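Please keep the sequence and the structure in view while reading.

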Amino acid sequence: MTEQNRVSVQLQGLRKVYGDAVALENFSLDIAPGELVALLGPSGCGKTTALRILAGLDTDHSGQIIINGKDVAGTPANKRNMGMVFQAYSLFPTMSVLENVAYGLRVRKVDRAKRDARAQELLDLVGLGEMGKRLAHQLSGGQQQRVALARALAIQPNVLLLDEPLSALDAQVRTQLRDEIKRIQTEVGTTTLFVTHDQEEAMAIADRVGVMRHGVLEQCAPPQEVYLNPANVKVAKFVGAMNSLPAEVTSPTTLKIYGQSVNLRVGEGGAPTTKTGKALVRPEQLTLSHGDGSGPASATIINLTFLGPLTRISVRMTGDSSVLFISMPSALALDFPTGSTVNVEIRATSVLLDF
Amino acid sequence: MKRKLTPANYLALLAATSFFVFPLIAAFEFSLRVNLGKSHGFDNFRWVFQQEGFKTNLGVSFRLALLTAVAVLVLMVPTVVYLHLGGGRWKRMIEFICLVPLVVPVISFALGVGTAFPVFLQSTVYELSFLYVIVSLPYTYRALDVGLSSIPLLTLVEASRASGASMRQTLLFVIVPTIRSAVNGAVFLAIALSLGEFTLAVLLHWDTFPTWIANISQGHILNAIALSVLSLVGAWLVVVVMAIAPKSLRSNKTQEATS
């Protein structure tokens with residue numbers, strides 16, 4: 001495989017407005033050479049806008065786009081040397097697969113033998129070496145996206161931009177292609193920005209995940225950190241499932257939740273200003289033990305949802321009737337049939353408080 | 001997806017085809033009559049070729065058609081693409097402008113030429129091409145509009161731009177090949193209109209193939225019909241060549257690419 005460009009990307013203070021709606025507000029993100037950053041957020045959060053600004057497809061914005069130390073804000077899309085894969089199938093319908101992959105080199109006036117050889121090399125990389133002569137409509141959705149990936153990489157782009165490339169695919173192909181993208185990205189080492197609304201996808205593929213909400217980058221950190229140590233309540237609530245448990249602030253560093261003392265983690269929002277709030281605890285941070293119906297953490301099991309290796313258990317707290325979700329290995333969940341009385345224990349080392 | 005035709009579809013198709021085909025067959029049969037209709041032969045066609053001005057005027061009409069076709073391609077394809085990509089607010093207005101030639105009488109155009117066209121343009125027969133572009137606007141615009149509406153234009157353009165292509169390369173390599181049948185349709189309409197247009201040429205005092213036919217056919221009705229049949233067949237041949245040529249060129253290219 002030919003050596004790819006390894007460049008750094010810095011987006012600084014990007015702001016983009018559509019009419020009255022602010023799509024991006026003071027958006028800053030540094031991507032190290034060869035790193036894969038995933039922007040994660042619900043639709044309309046501005047993640048695609050950020051990617052399109054980096055690609056040069058959206059030019060009406062303020063802020064700086066620095067690629068390898070050079071501001072490219074004024075450079076048109078076709079001069080930025082970006083490889084892009086779109087959510088919609090975007091292969092050129094009148095060209096063969098090989099011609100599609102070679103297209104970027106063709107417009108750069110690379111001679112035919114060279115560009116065809118390079119295109120073939122990329123097709124081999126994405127596992128479609130035999131499909132060069134076919135037309136786009138003769139390929140499945142997953143294959144079309146692989147070709148689009150090969151086309152994006154053929155030009156040895158400065159940055160690879162993936163705009164929800166897996167959204168249109170069915171679940172099985174999506175997982176397969178996701179792993180494939182990660183493998184290829186690691187192999188070629190191209191700096192990559194990946195945009196998705198799928199948390200699992202972002203967590204699985206990215207070196208760092210940037211969580212976005214209402215045009216603001218709330219946190220950008222390795223997937224484990226985003227999940228285990230969310231920067232603030234918004235990130236905590238958006239990423240993964242979360243229970244909100246009534247909590248009482250007993251000291252600047254401790255909370256009392258259903259009679260149990262738990263360490264308080266102070267997020268970006270600062271120390272709590274109220275005496276009570278909602279403690280954010282993940283379903284797998286709660287465990288169950290058989291109980292006798294007394295005590296502040298007493299609950300009744302109301303439902304079990306079997307999810308393969310894990311089972312999601314819904315319990316109703318005896319004291320305040322609130323419903324909590326607990327996630328535990330299915331083998332252990334067999335001990336807790338619906339209707340049984342249990343005690344809920346919190347196993348989190350520290351929790352965030354929503355106040 | 002291919003749909004199976006029902007007998008009723010076939011019947012409708014047959015009726016519509018007959019509507020066009022019978023007059024043509026009748027005209028062809030009529031043009032073959034010699035000896036006051038007592039026998040058939042190609043004398044009327046031979047007569048046409050022997051007339052003075054046949055080649056010259058046919059040549060003029062073909063050149064006009066070619067120029068019109070090129071002008072339509074260069075002017076209309078980028079314009080309609082622009083309207084589809086981001087010129088949304090202009091679309092209504094341009095759509096309206098493109099319909100104007102249908103309601104404005106041709107004589108107004110002819111008069112307008114005298115006041116609006118620069119003199120150097122008025123002194124050449126090729127001024128007709130510019131008018132033909134205008135007169136064919138309702139058809140060419142519609143053909144391209146429908147073609148572009150049927151493809152994911154924005155995605156293709158962005159994919160091409162992101163690959164490093166300029167807008168010109170995107171038009172030539174991606175858009176035009178993708179909407180080739182629509183482009184062919186637009187060009188065909190422009191060519192057919194140029195080859196058959198009579199009123200503007202007469203009003204502006206230029207000799208083209210249609211005006212020449214009108215002139216020489218006065219008093220030679222059988223020959224006139226032969227001429228009409230000839231010009232019709234000629235126009236169809238041009239269109240057939242246009243429709244087939246790019247495809248065969250392309251398939252040769254693909255073979256080269258993949259061999």
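This is a predicted model: local features need pLDDT of at least 70, side-chain atom pairs count only at pLDDT 80 or more; totals for chains, interfaces and linings use all residues.

## An open antiparallel sheet

In chain A, 5 strands in the order β15-β19-β16-β17-β18 make up an open sheet whose pairing is antiparallel. Its edges are formed by β15 (286-290) and β18 (323-329) of chain A, each of which pairs on one side only, and from one strand to the next the twist averages 45°.

## The α2–α3 helix pair

Helix α3 (residues 112-125) of chain A and α2(A) have axes that come within 8 Å and cross at roughly 125°, which makes α2(A) oblique to α3(A). The crossing of α2(A) and α3(A) is right-handed.

Residues of α2(A), including A:Val97, A:Leu98, A:Val101 and A:Leu105, meet residues of α3(A), among them A:Arg115, A:Ala119, A:Leu122 and A:Leu123. By class, the contact of α2(A) with α3(A) comprises 8 nonpolar, 1 polar and 4 charged residues.

## The contact between chains A and B

Chain A contributes 23 residues to the contact, and chain B contributes 18 residues. On the side of chain A that touches chain B, the elements giving two or more residues are β6 (82-85) and α2 (97-107) of chain A, and the largest share, 5 residues, comes from α2(A). That side of chain A divides into 13 nonpolar, 6 polar and 4 charged residues.

Key
Residues are numbered from 1 along each chain as its sequence is written. Chains are lettered from A and ligands numbered from 1 in the order in which they are written. Two strands pair if DSSP finds at least two bridges between them. Helices (H or I, at least four residues) and strands (E, at least two) are DSSP runs, numbered from the N terminus. Axes are lines fitted to C-alpha atoms, for helices over the stretch in contact, and angles run from 0 to 180 degrees between N-to-C directions. Two residues are in contact if their C-beta atoms, placed from the backbone, lie within 7 Å. Ala, Val, Leu, Ile, Met, Phe, Trp, Tyr, Cys and Pro count as nonpolar, Asp, Glu, Lys and Arg as charged, and the others, Gly among them, as polar. Angles under 35 degrees count as roughly parallel, over 145 as roughly antiparallel, 65 to 115 as roughly perpendicular and the rest as oblique. A crossing is left-handed if the near helix is turned anticlockwise from the far one by less than a right angle, and right-handed if clockwise.
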